[in-house]
Amino acid sequence: MPKAFITGITGQDGFYLTRLLLSQGYEVHGLVRRSSSVTRERSRLESGEADRRLHLHYGDLDDPTSLRRTLLTVGPQEVYHLAGQSHVGLSFEMPEATSNLTALGTVRLLEILRDLPEPPRFFHASSSEVFGQPATVPQEEATPFVPVNPYGCAKAFATQMVRVYRTALGLYACNGILYNHESPRRGEGFVTQKICRGAAAIKLGRQQELVLGDLDQRRDWGHARDYTQAMWLMLQQKEADDYVLATGQTHRVEEVVAVAFATAGLDWRRHVRHDPGLVRRGEPRQLVGNAAKARQRLGWQPRIGFEEMIREMTTTALEELEA
Ligand code: NAP
């Protein structure tokens with residue numbers, strides 16, 4: 001039975017990746033912090049036989065000793081590194097912690113893997129934020145890194161270090177350069193979730209209005225279920241490499257609003273207010289990815305469309321708020 005180890009298993013991508021790996025017959029081991037709501041997250045995962053193949057280990061990316069011990073004990077063939085401070089806006093409030101966790105945390109993990117008797121295959125969740133204010137549209141794997149926020153800088157460092165460990169030290173180490181991907185498991189601080197939950201809360205009379213920043217901002221939004229499928233595919237190839245994972249299409253924030261409110265049976269113009277103070281620093285930008293390499297070499301392409309995804313997020317928010 002193949003064994004995988006996941007950092008960030010309690011996050012959005014950890015949820016979908018765990019389900020995928022369990023369905024493929026893997027034994028799945030996940031790193032969880034003491035502060036994580038483990039019981040709640042665990043109960044969201046598969047039940048029955050698959051659940052017996054899921055093992056959670058207390059630890060922290062800031063604590064390399066326990067991480068090393070866990071990895072030595074588990075002996076995984078594949079490591080998926082998803083843990084991180086994943087919020088761009090928050091990275092301006094806590095740049096040092098973001099760099100420590102996202103940049104140095106990745107190096108700490110690579111150093112441990114390098115010393116293991118049989119180094120496992122390694123996936124790193126990089127981000128389109130490494131491209132920052134890109135000179136070319138769409139971006140691909142060779143597009144230069146010009147990050148414009150602390151989160152992007154930390155990811156750029158970690159991404160380049162993964163390349164160094166692959167080329168100079170021979171590790172099977174890959175970067176997935178991930179564009180925005182959402183789902184009902186998306187954290188509540190992210191705009192899509194804020195909109196879908198806001199529409200649901202207004203529908204149920206729990207909230208009066210939704211206040212948003214720039215409705216014209218465009219994003220390349222995919223679904224986390226599709227992106228975690230590509231993460232797994234990347235570790236099944238003959239050789240390690242980096243891949244852009246994107247839909248290649250952008251949508252405006254206003255389109256998210258329109259689909260979410262229509263799903264909730266509401267006219268969004270009566271409930272949404274614009275606040276210029278909420279516009280993020282470093283915008284606007286043209287982040288849109290070209291996933292041709294992933295399509296050609298991995299046979300991957302996103303399957304869940306934008307509208308279907310926003311409808312799913314809003315419907316789930318309505319169900320959860322009503323429960
Ligand atoms: P997420 O939902 O915010 O999950 C982050 C995970 O990291 C959580 O499980 C969190 O654990 C864990 N974590 C945070 N600090 C940790 C620490 N010190 N030690 C161990 N674990 C720690 O993020 P996501 O959306 O699943 O994204 C997964 C990865 O992809 C992230 O690295 C993110 O930056 C990257 N990425 C995501 C997107 C996207 O659109 N979703 C796009 C590009 C790149 P707790 O439960 O304890 O908080």
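Tyr26 is buried, with a relative accessible area of 5%, where buried means under 20% relative accessible area, exposed over 50% and partly exposed in between, with a 1.4 Å probe and protein chains only. The structure is a predicted model, in which local features need pLDDT of at least 70, side-chain atom pairs count only at pLDDT 80 or more, and totals for chains, interfaces and linings use all residues. Residues are numbered from 1 along each chain as its sequence is written, and side-chain values use heavy atoms, with hydrogens and water left out.

Tyr26 lies in the loop between α1 (12–23) and β2 (27–32); helices (H or I, at least four residues) and strands (E, at least two) are DSSP runs, numbered from the N terminus. Not counting residues up to four places away in sequence, Tyr26 touches Met1, Pro2, Lys3, Ala4, Leu21, Arg53, Glu78, Trp232 and Gln236, contact being defined as heavy atoms within 4.5 Å. Met1 is 25 residues from Tyr26 along the chain, and the C-alpha atoms of the two are separated by 5.9 Å.

Two other buried residues were examined. Ala246 is found in the loop between β11 (243–245) and β12, and is buried with a relative accessible area of 2%. Leaving aside neighbours within four places in sequence, Ala246 is in contact with Tyr179, Asp220, Tyr227, Gly289, Ala291, Trp300 and Pro302. Between Ala246 and Leu266 there are 30 Å in space, C-alpha to C-alpha, and the two are 20 residues apart in sequence. Arg219 belongs to strand β9 (residues 218–219) and is buried, with a relative accessible area of 13%. Arg219 and Ala135 are 84 residues apart in sequence and 17 Å apart in space, C-alpha to C-alpha.

The chain is divided into domain 1 (3–182 + 221–245) and domain 2 (191–219 + 250–282 + 306–322), with bounds that come from an automatic or database domain assignment. Taken over C-alpha atoms, the centres of domain 1 and domain 2 are separated by 28 Å. Domain 1 gives 12 residues to the contact and domain 2 gives 14 residues.

Helix α6 (residues 95–115) and helix α7 (residues 150–167) pack at an angle of about 15°, with their axes 8 Å apart; axes are lines fitted to C-alpha atoms, for helices over the stretch in contact, and angles run from 0 to 180 degrees between N-to-C directions. This angle makes α6 roughly parallel to α7, since angles under 35 degrees count as roughly parallel, over 145 as roughly antiparallel, 65 to 115 as roughly perpendicular and the rest as oblique. The crossing of α6 and α7 is right-handed; a crossing is right-handed if the near helix is turned clockwise from the far one by less than a right angle, and left-handed if anticlockwise. Residues of α6 in the contact include Pro95, Thr98 and Arg114, and those of α7 include Pro150, Lys155 and Tyr165. The residues of the contact of α6 with α7 comprise 12 nonpolar, 4 polar and 3 charged, where Ala, Val, Leu, Ile, Met, Phe, Trp, Tyr, Cys and Pro count as nonpolar, Asp, Glu, Lys and Arg as charged, and the others, Gly among them, as polar.

Helix α4 (residues 64–74) also packs with α6, at an angle of about 40° and with the axes 10 Å apart. The crossing of α4 and α6 is right-handed. The contact is formed by Pro64, Leu67, Arg68 and Leu71 of α4 together with Arg108, Leu109, Ile112, Leu113 and Asp115 of α6. By class, the contact of α4 with α6 has 6 nonpolar, no polar and 3 charged residues.

For α8 and α10, the angle is about 30° and the axes are 9 Å apart. That makes α8 roughly parallel to α10. The crossing of α8 and α10 is right-handed. In α8, Val191, Thr192, Ile195, Cys196, Ala199 and Ile202 meet Val253, Val256, Val257, Ala260 and Phe261 of α10. The contact of α8 with α10 consists of 10 nonpolar, 1 polar and no charged residues.

Helix α10 (residues 253–263) has as its buried residues Val253, Val256, Val257, Val259, Ala260 and Phe261. These buried residues pack against α8 (191–203), β8 (210–212), β12 (251–252), β13 (272–274) and α12 (306–322). Gly265, with a positive phi near 75°, follows α10.

A cis peptide bond joins Val137 and Pro138, with omega about 0°. Pro138 is in the loop between β5 (121–127) and α7.
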